[in-house]
Amino acid sequence: MKPAPFVYFAPQTVDEVMDLLRQYGDDAKVLAGGQSFIPTMSFRLAQPEVVIDLNGVEGLAGLREVDNGLHIGTMCRQRTVERSPLVARRAPLLAETMPSIAHPQIRNRGTFGGSLAHADPASELPAVVSVLNGRFRIRRQRGEDWVAADDFFISLFETAVGPEDLLLEVEIPDLAPGSGWAFQEFSRRQGDFALVGVAVVLELEGHVCRQARLALLSVGEGPVRAHLGEAALEGQPMGASLLQRVAEIVAHQDIDPPADIHASKDYRRHLAEVLTRRTLSQAVARAAAD
Ligand SMILES: Cc1cc2nc3c(=O)[nH]c(=O)nc-3n(C[C@H](O)[C@H](O)[C@H](O)COP(=O)(O)OP(=O)(O)OC[C@H]3O[C@@H](n4cnc5c(N)ncnc54)[C@H](O)[C@@H]3O)c2cc1C
């Protein structure tokens with residue numbers, strides 16, 4: 001199908017975008033890489049009267065080092081993040097995750113911020129940015145806000161970015177010394193949306209876990225933090241039996257996955273248990289090698 005008719009604007013500055021968003025409010029949508037938005041318009045699931053194209057807007061696509069980590073502009077292409085030596089050095093979990101997102105052609109157009117603002121529960125980046133303790137810089141009609149990942153993802157396809165707001169960039173802080181990290185997912189074919197995925201960051205002191213952050217994708221209405229699993233890890237010495245117990249807690253207590261045509265609830269629980277155990281083992285090994 002073809003999209004319903006709409007009025008197209010191609011602003012060049014953030015101020016112009018904000019003026020258009022104020023003027024058209026709920027009737028307008030911004031266009032980033034278009035890899036999710038254009039299909040939803042073509043299926044007429046979205047019928048905005050006004051489309052505001054961000055592709056010509058200055059200053060939204062940067063990727064730079066700051067004292068405590070990285071700032072990634074919302075329009076930075078996913079492929080740029082994937083190939084960046086800066087990202088590989090300062091945010092290796094992110095670098096490891098990027099190839100799991102869709103296909104290279106989609107990552108060439110799809111943007112870092114577009115994926116996060118879209119907040120598809122099957123997307124990798126919301127879960128990974130959550131465990132990395134990312135922060136989101138949002139331009140509001142009155143000023144700007146920095147929002148923590150825990151407060152950014154609200155519900156199904158809903159974030160702290162309101163209809164008249166614009167996501168500007170994302171801060172990815174450095175990992176604490178002694179951290180281990182891992183991401184794994186299972187999909188039927190390379191490039192498909194995953195049936196389940198798990199991202200983890202562990203801060204260890206010797207063999208003992210000081211802090212754990214664990215999040216899953218494709219098991220709820222957004223990235224799902226595994227708070228019970230995290231609590232079971234913290235303060236404990238790492239060992240195979242603990243990791244197995246935590247994997248069971250995550251799969252059977254932290255999540256209540258949906259059943260759909262792709263997988264049953266039980267199968268998603270099984271994947272969550274296996275992937276949690278594997279990512280935890282990998283993260284412990286990486287922390288020990290640090
Ligand atoms: C075949 C296929 C397979 C895919 N597989 C995966 C996958 O495995 N994993 C995955 O994560 N994704 C997957 N995707 C989605 C892809 O990663 C998209 O690029 C991404 O979800 C959206 O990014 P975008 O830049 O294309 O945003 P767009 O599609 O342009 O926008 C998406 C939404 O976010 C809003 N938005 C965008 N930028 C901003 C901003 N700065 N401020 C406020 N709102 C904003 C838009 O208004 C729109 O509502 C797939 C897509 C396709 C077509």
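Colleague: What distance separates the centres of domain 1 and domain 2?

Modeller: The centres, taken over C-alpha atoms, are separated by 19 Å. This is a predicted model, in which local features need pLDDT of at least 70, side-chain atom pairs count only at pLDDT 80 or more, and totals for chains, interfaces and linings use all residues. Residues are numbered from 1 along each chain as its sequence is written.

Colleague: How do you know where the domains of the protein lie?

Modeller: The bounds come from an automatic or database domain assignment. They give domain 1 (7-53), domain 2 (63-173) and domain 3 (179-289).

Colleague: What makes residues of domain 1 and domain 2 count as being in contact?

Modeller: Two residues are in contact if their C-beta atoms, placed from the backbone, lie within 7 Å. By that criterion, 13 residues of domain 1 are in contact with 14 residues of domain 2. On the domain 1 side, helix α1 (residues 14-24) provides the largest share, 5 residues. That side divides into 6 nonpolar, 5 polar and 2 charged residues; here Ala, Val, Leu, Ile, Met, Phe, Trp, Tyr, Cys and Pro count as nonpolar, Asp, Glu, Lys and Arg as charged, and the others, Gly among them, as polar.

Colleague: Why is Ser218 called buried, and why is Asn133 called partly exposed?

Modeller: A residue is buried if 20 or more other C-beta atoms lie within 10 Å of its own, exposed if 12 or fewer, and partly exposed in between, with C-beta atoms placed from the backbone. Ser218 has 29 C-beta neighbours inside 10 Å and therefore counts as buried. Asn133 has 18 such neighbours, so it counts as partly exposed.

Colleague: Why is helix α8 called mostly covered?

Modeller: Helices (H or I, at least four residues) and strands (E, at least two) are DSSP runs, numbered from the N terminus. In α8 (residues 124-131), 8 of its 8 residues are buried, among them Leu125, Val128 and Val131.

Colleague: Which residues touch the most other members of the largest nonpolar core?

Modeller: A nonpolar core is a set of buried Ala, Val, Leu, Ile, Met, Phe, Trp, Tyr and Cys residues joined through C-beta atoms within 7 Å. The largest has 79 residues, and Val128, Val200, Leu216 and Ala272 touch the most other members. Leaving aside neighbours within four places in sequence, the contacts of Ala272 include Val198, Leu216 and Ile255.

Colleague: How do you know that β12 and β13 pair?

Modeller: Two strands pair if DSSP finds at least two bridges between them. Strand β12 (residues 196-205) and strand β13 (residues 208-217) have 9 bridges in the antiparallel sense, and Val198 stands opposite Leu216. Likewise, β4 (residues 63-66) and β5 (residues 69-73) pair in the antiparallel sense over 4 bridges, with Leu63 partnered by Ile72.

Colleague: Why are β11 and β14 said to stand at the edges?

Modeller: The open sheet of 4 strands has the order β11-β12-β13-β14. β11 (179-186) and β14 (224-225) each have a single partner strand, so one side of each is left without a neighbour in the sheet.
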